Amino acid sequence: MSALRNSAEWKAIQAHHQEIVPVPLRKLFSSDPRRFHSYSLHFNDILFDYSKNLINNKTLPLLFDLARAVKFEKKRDAMFSGDIINTTEHRAVLHTALRKQDATAVYFDHQDVMPKIKATLSKMRHFCDDIHSGNWKGYSGKKITDIVNIGIGGSDLGPKMVSTALTPYAQADLKAHFISNADQSHLINALTHLNPETTLFIIASKTFSTLETMTNANSAKHWFMQQAPDKAAIKKHFIAISTHAENVTTFGIDKANMFEFWDWVGGRYSLWSSIGLSIALYIGMDNFEALLDGAFDADQHFHTTPLEENIPVVMALLGIWYNNFFDADTHAILPYAQDLDFFADYFQQGDMESNGKNTDFDGNQVDYSTGPIIWGQPGTNGQHAFYQLMHQGTKLIPCDFLAPAQSHYDLPEHHDILLSNFLAQPEALMHGKNATEVEKDLQNNKEATKVLISSKVCVGNKPSNSFLFKKLTPKTLGSLIAFYEHKIFTQGVIWNINSFDQMGVELGKVLAKVILPELKNDKIIDSHDSSTNGLINAYKQLR
Ligand code: F6P
C-alpha cells in the first residue's frame with residue numbers, strides 16, 4: 001500500500017467519511033445558520049462560497065492535516081523559488097515569475113529570470129502599439145485588421161479562452177482567429193474570410209515542431225504566398241512565439257519577428273508568456289498586464305495565506321475529498337457567463353494533462369485515484385443539456401458555479417435571469433425535493449401515481465462551490481485562472497505526482513508518425529493489430 005493511503009492522516013479522513021455520509025447537507029444548513037459565513041472566503045472582488053459541500057467542522061482540518069503531512073507548504077515554496085520540480089523533464093516551473101509585479105529577483109540556474117521577462121513584455125508592448133497605431137503595415141501598406149493565432153493545446157486554448165472571455169475589451173478594429181485542428185476545414189473556414197494584405201499570422205508553439213501547428217502554419221504560408229508579391233512580404237505577416245529559435249528560422253520567420261519564452265514555462269501555463277501575444281493584441285497591452293496583475297495577486301494569496309483561508313488549497317482539498325473518498329470521477333466547471341465559453345475546455349487540458357498520471361515521483365504505480373475528468377459549459381445552456389443527470393442521475397458530480405455580478409452590457413432582464421439560475425441550480429442540487437414535498441405540490445392532482453411522485457423526487461445532497469465576482473475584468477479573470485492552476489498543483493502534491501510533464505500524449509504522436517507514410521500509397525497494410533490494419537485499409541478504399 002502507498003505511503004499516502006497508509007498514512008494516519010488518510011485513514012482519519014476515511015473514518016470521518018463514514019461519519020459524514022449519513023448527514024444530509026440540508027440538515028447541516030438547518031442546524032447552523034452561520035454556515036455560509038463559516039465556509040466562504042473573500043479575495044478582492046471574488047467571493048468563494050464552499051458551504052454547499054458535504055463537510056462539517058472536522059472535515060477540512062483533517063484534509064489540512066493531510067496536506068501538512070505531505071509537506072505541501074515546502075513543495076509550494078519550491079515551485080515559487082525555481083527548484084527543478086518537474087523532475088522527469090528536469091525543469092523548473094516558473095509561470096508565476098511571468099506575472100510577478102514586484103521588483104524582487106527570481107533565480108533559475110543562478111540567473112535572475114526577471115530581466116528577460118520584462119524585456120519580452122516591453123517588446124510585446126511595442127509590437128501592440130505598432131499594430132494598433134497602424135505603424136506596422138502589411139505588404140501593400142494597409143493596417144492589420146485580423147490576427148490568426150496558429151497553435152494547439154496550451155499554445156491555443158489559453159489565448160482563445162482569455163480573448164473570448166475578455167471580448168468586451170477588444171480593440172475596435174481588430175479581429176482574432178484561433179486555428180488549431182489538423183483538420184483543414186479549421187484553417188480553410190478562417191482563410192476564406194481573410195485578406196492576406198491585412199492579416200497577421202502568429203505561429204505559437206513552444207517547440208515549433210508540433211505536427212498540427214506546423215501543418216497549419218505551412219498551409220497558411222502557402223495561401224499567403226499565392227497572393228503576396230514576394231517572399232519579403234512574409235516579414236510583415238508572420239510572427240513566431242517559441243522557445244526554439246532554430247526551428248523558427250528554418251520555417252522562414254526572421255528572428256526579429258520572434259517572441260521568446262523559456263523551457264521553465266509549461267505549455268499549459270504559457271498564456272502568461274509571449275504566447276499571450278494574441279491576447280495582448282486583441283484586448284490591448286494594458287489589459288494583458290491587468291490579467292497578469294490579477295494572477296500575481298492570486299499567487300501571493302496562494303503563497304502566503306494560511307491553508308485554512310487559502311482559496312486554491314481549499315478548492316484542491318475539497319476535490320481530493322470527493323475524488324478519493326466519495327469516488328467521484330468527474331468535476332464540472334459551470335460558468336454563468338457566455339464569455340467564459342472556453343473556460344472548462346481550458347482547464348480540461350490544464351487539469352487532465354497535469355494530473356492524469358498513474359505513477360508517482362518514485363516511479364511507483366499509484367493505488368489511489370488521481371486527476372478527475374474535467375468538463376462543463378456555460379449555464380444556462382448546460383441546464384438544458386446535462387443537468388438532468390446531475391440532479392437525478394446516479395453519479396456524484398461535484399461542480400463549480402461561476403458568475404459575474406455585473407454584466408458588461410445592459411439589455412433589460414437578461415442578467416437577473418442568468419443570475420437567478422446561477423443561484424437556483426446549486427440550491428436545487430443541495431436541497432433537492434423529497435417525496436413529501438413532491439406530494440404536496442401534486443395534492444390537487446388526483447391522478448398522481450407513485451411512479452409520478454418518485455420520478456419527481458430529487459434526492460439533493462449534491463455538492464458545489466460558487467464563485468461570485470463583481471465583473472469579468474482582466475484582473476479578476478487572471479486571479480480565477482491562477483486559483484485553478486494552484487488547485488491543480490496542490491492536488492498533484494497530495495497525490496505525489498509530477499503535474500508538469502505530459503508523457504502520455506507522446507505515444508499517440510509517435511504511432512501517427514508510423515502510420516502517416518503508410519497512407520501515402522494504396523498498399524494493403526498488415527503491420528498493426530487487426531483493428532488498426534482494418535481501419536487503415538478501409539480508409540484507403542474509401543478516400
Ligand atoms: O498536448 C501536448 C502538448 O505538448 C501540450 O502540452 C502543449 O500545450 C501542446 O502539445 C502544444 O505544444 P507546442 O506549444 O510545443 O506546439
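Visitor: Where does threonine 380 lie?

Guide: Threonine 380 sits in the loop that runs between strand 11 (373–375) and helix 18 (387–392). Helices (H or I, at least four residues) and strands (E, at least two) are DSSP runs, numbered from the N terminus. A cis peptide bond joins glycine 379 and threonine 380, with omega at about 10 degrees. Please keep in mind that this is a predicted model, where local features need pLDDT of at least 70 and side-chain atom pairs count only at pLDDT 80 or more, while totals for chains, interfaces and linings use all residues. Residues are numbered from 1 along each chain as its sequence is written, and side-chain values use heavy atoms, with hydrogens and water left out.

Visitor: Which loop holds aspartate 109, and is the residue buried or exposed?

Guide: Buried means under 20% relative accessible area, exposed over 50%, and partly exposed in between (1.4 Å probe, protein chains only). Aspartate 109 counts as exposed because its relative accessibility is 61%. Its loop lies between strand 3 (107–108) and strand 4 (111–112). Aspartate 109 also has a positive phi of about 55 degrees, although it is not a glycine.

Visitor: And what is phi of asparagine 496?

Guide: Phi of asparagine 496 is near 60 degrees, again a positive value in a residue other than glycine. Asparagine 496 is found in the loop between helix 22 (474–495) and helix 23 (504–518). With a relative accessible area of 23%, asparagine 496 is partly exposed.

Visitor: Now the ligand: how many residues surround it, and which are the closest?

Guide: A residue is near a molecule if one of its heavy atoms lies within 4 Å of it. Here 14 residues surround the ligand, and the closest are Ser155, Ser205, Thr207, Thr210 and Glu353.

Visitor: Which polar side-chain atom lies 2.5 Å from an oxygen atom of the ligand?

Guide: A polar contact is a pair of N or O atoms within 3.5 Å; within protein, one must be able to donate a hydrogen and the other to accept it, and residues adjacent in sequence count only if both atoms are side-chain atoms. The side-chain atom belongs to threonine 210. The backbone takes part too: a polar backbone atom of glycine 154 is 2.7 Å from a ligand oxygen, and a backbone N or O atom of lysine 206 lies 2.7 Å from a ligand oxygen.

Visitor: Which elements give two or more residues to the shell around the ligand?

Guide: Those elements are helix 9 (154–165) and helix 17 (343–355).
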